Amino acid sequence: VKLLLLTVVGQNYLEVKKFFISLILFLISIKVSFAGNFNFKKIVDLNDPWSSTFINNNELLITEKSGKIKLVNFNSKKVLEIKHNLNYLEHGQGGLLDILFKDDNVYISYTENRGDGKTSTSIAKGEFNKKNLIFRNIFQANPPIDSGYHFGSRLAIKDNFLFASAGERGQGMIAQDPTQHPGSIIRINIDGSIPKDNPKFTGKDNWLPEIFQIGVRNPQGLFLSPFDQKVYMSNHGARGGDWFGEVKKGENYGWKILGWGGKNYSGTKIGPKWKPGFTKAIKYWVPSIAVSAITIYKGKEFEEWNGLALITSLKDMSLRSLDFSNLQDVKEKVIFKNQIGRIRDIQVHPTTGKIYFLTKDALWLMEKN
């Protein structure tokens, strides 16, 4: 830098040095300003919460992995525990998982205890009640497996269809077997019946009737975009290879033929990042960021983010935005890191556009200063 400064013609070295120092300090101040245009408020403490869903403008229904369903009023900060009848098992990464409120009904994905140590990613539905939620199963991922890994699982509703992600339970190539549910995206009707235009009935004769797409590993993000009405998802890779992509009927994301840029935990290679014949993700992360819940932002509080995917992370505790309007030039920005801990879930307030996060032990609000 000193040599560069000395070559500036007609300028005094000390004056130029002072100018560059002032410029650097100015740029730093801009960076701090950008990073500080929002603030966080802890709403309530929780015990390993996994998912949340708005019941109204003042209340969130929240699952805790250990088996509790709680109703949180984020104005009064009151927390009500709701009884339920789910036959769940907290095992490894499993327990109560995603929860979704729609038209006075509650949909939940959870680790169902199938006996003899075996469990499945199952989905249940019940009419909303603040005292006792009575659920009935509308889907079970078969076969049940003795594993505490990779349950998924997120839910999204589009019209009368319920989409759900079912992880491959650490079984690898099971995700390439469409006669078994683990490692796939499920689509059923909201009453649990099977859509007549699922792949099973439109050219994929050997697929189970509930399967919409195969080849996923541990998908913990699923969201219906309010802009293009497409369903998007996020998925954990192994050592590297997390991704964000679109749910596509009858297609295959390639696990475990593809490694998405990652390796086995032993360090051995898995397969190529992508090859023709498989669904290509919109964005890959190598090394992994442990991508969790996602949303496509639509709101007033952060209007500059409208239409962007907001990606949460467990590993580096970050929130990232993705502008994927041009798939040939996807733009990523890190909004923040290491501010509130490992982020499990994200919800945008339906009226204000303020953002609510679940971390390992709390519900947080993010709003502009």
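These exercises, each with a worked solution, concern pockets, cores and backbone geometry in a predicted model.

**Exercise 1. The largest pocket**

Describe the largest pocket by volume, lining and contributing strands.

Solution. 
- Step 1: Start with the space. The largest pocket holds about 770 Å³.
- Step 2: Find the lining. There are 28 lining residues, and Leu 100, Phe 223, Leu 224, Gln 347 and Val 348 lie nearest the centre.
- Step 3: Assign the lining to strands. At least two lining residues come from each of E2 (49–54), E6 (96–102), E11 (152–158), E15 (218–224), E19 (291–296) and E23 (343–348). E6 gives the most, with five residues.
- Step 4: Sort by class. The lining has 18 nonpolar residues, five polar and five charged.

**Exercise 2. The second largest pocket**

Work out the volume, the central residues and the class make-up of the second largest pocket.

Solution. 
- Step 1: The volume of the second largest pocket is about 490 Å³.
- Step 2: Its lining is made by 25 residues. Nearest the centre are Gln 93, His 236, Ala 290, Leu 314 and Arg 342.
- Step 3: E2 and E15 are the elements that give two or more residues to this lining.
- Step 4: By class, seven lining residues are nonpolar, nine are polar and nine are charged.

**Exercise 3. Two nonpolar cores**

Which residues have the most contacts inside the largest nonpolar core?

Solution. 
- Step 1: The largest nonpolar core has 21 residues. Those with the most contacts inside it are Phe 163, Leu 222, Met 233, Trp 243, Val 247, Tyr 253 and Trp 260.
- Step 2: E15 and E16 (231–236) each supply at least two residues of this core.
- Step 3: Another core lies apart from the largest one. This other core has 19 residues, including Leu 310, Ile 340, Ile 346 and Val 348.
- Step 4: Now take Met 233. Residues up to four places away in sequence are not counted. Met 233 then touches Ile 185, Val 216, Pro 219, Gly 221, Leu 222, Trp 243, Phe 244, Gly 245, Val 247, Tyr 253 and Ile 294.

**Exercise 4. Leu 133**

Is Leu 133 buried or exposed?

Solution. 
- Step 1: Locate the residue. Leu 133 belongs to strand E9 (residues 132–133).
- Step 2: Apply the cut-off. Buried means under 20% relative accessible area. Leu 133 is at 0%, so the residue counts as buried.
- Step 3: List the surroundings. Neighbours within four places in sequence are left aside. Contacts of Leu 133 are then Ile 69, Ile 82, Lys 83, His 84, Asn 85, Val 106, Glu 127 and Phe 128.
- Step 4: Take one of these, Asn 85.

**Exercise 5. Backbone exceptions**

Locate two cis peptide bonds and two non-glycine residues with positive phi.

Solution. 
- Step 1: Most residues other than glycine have a negative phi, and most peptide bonds are trans.
- Step 2: Asn 142 and Pro 143 are joined by a cis bond, with omega about 5 degrees. Pro 143 sits in the loop between E10 (136–140) and E11.
- Step 3: The bond from Val 286 to Pro 287 is also cis, with omega near 5 degrees. Pro 287 sits in the loop between E18 (283–285) and E19.
- Step 4: Asp 116 has a positive phi of about 55 degrees. Its place is the loop between E7 (105–115) and E8 (118–127). Asp 116 is exposed, at 80% relative accessible area.
- Step 5: His 150 has a positive phi of about 50 degrees. The loop between E10 and E11 holds His 150. His 150 is buried, at 10%.

Terms used:
Residues numbered from 1 in each chain as written. Predicted model: local features only at pLDDT ≥ 70, side-chain atom pairs only at ≥ 80, totals over all residues. Heavy atoms only, no water. 1 Å grid on protein atoms, 1.4 Å probe; cavity = no way out; pocket = protein on both sides within 12 Å on 5 of 7 lines; lining within 4 Å. Points joined across faces, edges and corners; volume = space filled by probe spheres on them. Helix = DSSP H or I, 4+ residues; strand = E, 2+ residues; numbered from the N terminus. Nonpolar A, V, L, I, M, F, W, Y, C, P; charged D, E, K, R; others polar. Core = buried A, V, L, I, M, F, W, Y, C linked by side-chain atoms within 4.5 Å. Buried < 20%, exposed > 50% of the residue type's maximum accessible area, 1.4 Å probe, protein only. Contact = heavy atoms within 4.5 Å.
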